[in-house]
Amino acid sequence: TAETLFPYTTLFRSSNSPRPAKPWLSFYYSDELIVVERAARARRVQRVLIKVDADCRVSVQAPASASDEAVLHALKLRGRWIYEQLRQFRAQLAYITPRQYISGESHYYLGKQHVLKVIETPQAPQQVRLLRGKLEVCVKEKTAENVRKLLMGWYRARARDVFSRRLQTAIEQTLWVSTIPPLRIQAMKTQWGSCSPNGRITLNPDLIKTSRDCIDYVILHELCHIAEHNHSERFYRLLNQVMPHWEKVKVRLDGMAAQVLNDSFRSTEVN
């Protein structure tokens, strides 16, 4: 997901314009019609957050009191940026083929590609093992769905183990967090992670397919939200303190999204 904050402070609708906000907005950039999903932000946050997801969905978060015209104006001012993000993500998606879950396929784990080896073992326990650069899946019946379910279960188990350890390490860098926050692993279509108002951190199990520094970036990002729940200047000051090179890591993470989330794109036809 690529995102940009727009500090547009004249967004608030006057009291004589009580029209409700539309859930969808659209505008033309060049010869392309760009359709944008609108969601409300906290009233006190006088900024627009524009997001372009790796599956080419565009969304905008703005204060509920902001008029559609003002939000649309902000979108148009960022039109070129939105258009360029869409072009980049579409170029990535053009080279992706649906998973078949057969031997010889390449699957990611901790940022590296591993060759899938599927073994049919009717009498032996089903399991997934990482051996010498190969993901070996032993399954009772060799069907794509059986292999997929077994592999996804293995990813989720590895995610809980690795994320818990990386979270413990990250806590040492965040002086504003005194205890390890609750951690939930949950599949999300468009987000790597989130932080609830009460401090619970939710991470996407697909994040385990990315590199360790990408995992650390998402965890540190969410830990910063414990101190500052919005993407304020203070939030970015904290993030720069704990990971000065976070922008480079984010670019790499965004670049991997299409490959890593291949299964999500196939099943949903994607903060």
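Biologist: What stands opposite Cys-195 in strand 12?

Modeller: Ile-201 does. Keep in mind that this is a predicted model.

Biologist: What makes strand 11 and strand 12 a pair?

Modeller: Two strands pair if there are at least two bridges between them. Strand 11 and strand 12 (residues 201–203) are joined by 3 bridges, so they meet that cut-off. They run antiparallel.

Biologist: Why are strand 10 and strand 11 called edge strands?

Modeller: The sheet is open, with 3 strands in the order 10-12-11 and mixed pairing. Strand 10 (183–185) and strand 11 (193–195) each pair on one side only. Neighbouring strands are turned by 20 degrees against each other on average, direction ignored.

Biologist: Which strands does helix 3 touch?

Modeller: Helix 3 (residues 144–171) packs on the sheet, touching strand 10 and strand 12, and its direction makes about 155 degrees with that of strand 10. Helix 4 (residues 212–227) packs on the sheet too, but touches strand 11 and strand 12, at about 15 degrees to the direction of strand 11.

Biologist: How do you know that the buried residues of helix 5 line one face?

Modeller: In helix 5 (residues 233–242), the buried ones are Phe-235, Leu-238, Leu-239 and Val-242. Seen down the helix axis, they fall within an arc of 100 degrees, so they line one face. Residues three or four places apart point the same way because an α-helix has 3.6 residues a turn.

Biologist: What makes Glu-233 and Gln-241 exposed?

Modeller: Exposed means over 50% relative accessible area. Glu-233 and Gln-241 count as exposed, and they sit on the other side of helix 5.

Definitions and conventions:
Residues are numbered from 1 along each chain as its sequence is written. This is a predicted model: local features need pLDDT of at least 70, side-chain atom pairs count only at pLDDT 80 or more; totals for chains, interfaces and linings use all residues. Side-chain values use heavy atoms; hydrogens and water are left out. Helices (H or I, at least four residues) and strands (E, at least two) are DSSP runs, numbered from the N terminus. Axes are lines fitted to C-alpha atoms, for helices over the stretch in contact, and angles run from 0 to 180 degrees between N-to-C directions. Contact means heavy atoms within 4.5 Å. Buried means under 20% relative accessible area, exposed over 50%, partly exposed in between (1.4 Å probe, protein chains only). The arc is that of the directions from the helix axis to the C-beta atoms.
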